[in-house]
Amino acid sequence: MRGLTFVARATAATIAAAALLGDPVSASSQSGNTFVEVNPNTAEAGSRVSIRASCGDTNTRQANVQSDAFGRVIVRPDNGFLTGAVTIPGSRSPGTFGVNLNCPNGNTASTTITVVNMSKPSQGPATGAGGTAGTGMGPVVLGAGLAAVAAAVGLGVAARRRRAGMGS
């Protein structure tokens with residue numbers, strides 16, 4: 001019974017504190033529902049990215065998204081969110097850039113996008129002649145290998161004759 005009394009007192013104290021301080025859930029829900037997302041958040045210069053945002057209200061009015069990575073984009077209402085897409089200019093230098101949402105109701109949100117430059121090489125890496133693939137030592141190595149095989153065959157034939165001669 002004593003534990004129940006403690007729980008009842010703690011609950012009453014929590015309710016009283018919430019009444020004095022105001023409703024913290026409704027105060028944070030508006031800012032908590034304001035966001036901006038860029039997908040993918042790491043993208044190559046010249047590629048297209050999608051933007052999804054919310055201004056914390058019914059999202060029935062368009063808003064602006066601004067970034068040094070791609071400039072200004074208007075996001076429009078789409079199934080309860082604000083959406084848009086933009087192509088990062090191919091000339092954009094690599095780096096991490098801020099992305100800022102400005103809502104008509106005064107709410108703001110921000111995130112980042114990382115632009116990378118994944119240039120493709122025009123040829124393979126310079127790794128030399130590829131061992132014996134170049135000219136020079138190839139014929140010498142081949143000749144030495146053939147000589148070693150011939151010597152092994154000759155020694156094998158000689159050893160066989162010697163055994164055959166001992167057996168008689």
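The protein chain exposes about 11,800 Å² of accessible surface, 58% of which belongs to carbon and sulfur atoms (Shrake-Rupley method, 1.4 Å probe). This is a predicted model, so local features need pLDDT of at least 70 and side-chain atom pairs count only at pLDDT 80 or more, while totals for chains, interfaces and linings use all residues. Residues are numbered from 1 along each chain as its sequence is written, and side-chain values use heavy atoms, with hydrogens and water left out.

Three helices and eight strands make up the protein chain's secondary structure (DSSP runs numbered from the N terminus: H or I of at least four residues, E of at least two). Along the sequence they run α-α-β-β-β-β-β-β-β-β-α. Of the 168 residues, 18% are buried (under 20% relative accessible area; exposed is over 50%, partly exposed in between; 1.4 Å probe, protein chains only).

On to the charged pair. There is one salt bridge in the structure (a side-chain nitrogen of Lys or Arg within 4 Å of a carboxyl oxygen of Asp or Glu). Arg52 forms it with Glu37, the closest N and O atoms sitting 3.0 Å apart. Because Arg52 is in strand E3 (residues 48–55) and Glu37 in strand E1 (residues 34–39), the pair ties together parts 15 residues apart in sequence. Arg52 is partly exposed at 32% relative accessible area, and Glu37 is partly exposed too, at 37%.

Ser67, in strand E4 (residues 63–67), is buried, with a relative accessible area of 2%. Leaving aside neighbours within four places in sequence, Ser67 is in contact with Phe97, Gly98, Val99 and Ile113 (heavy atoms within 4.5 Å).
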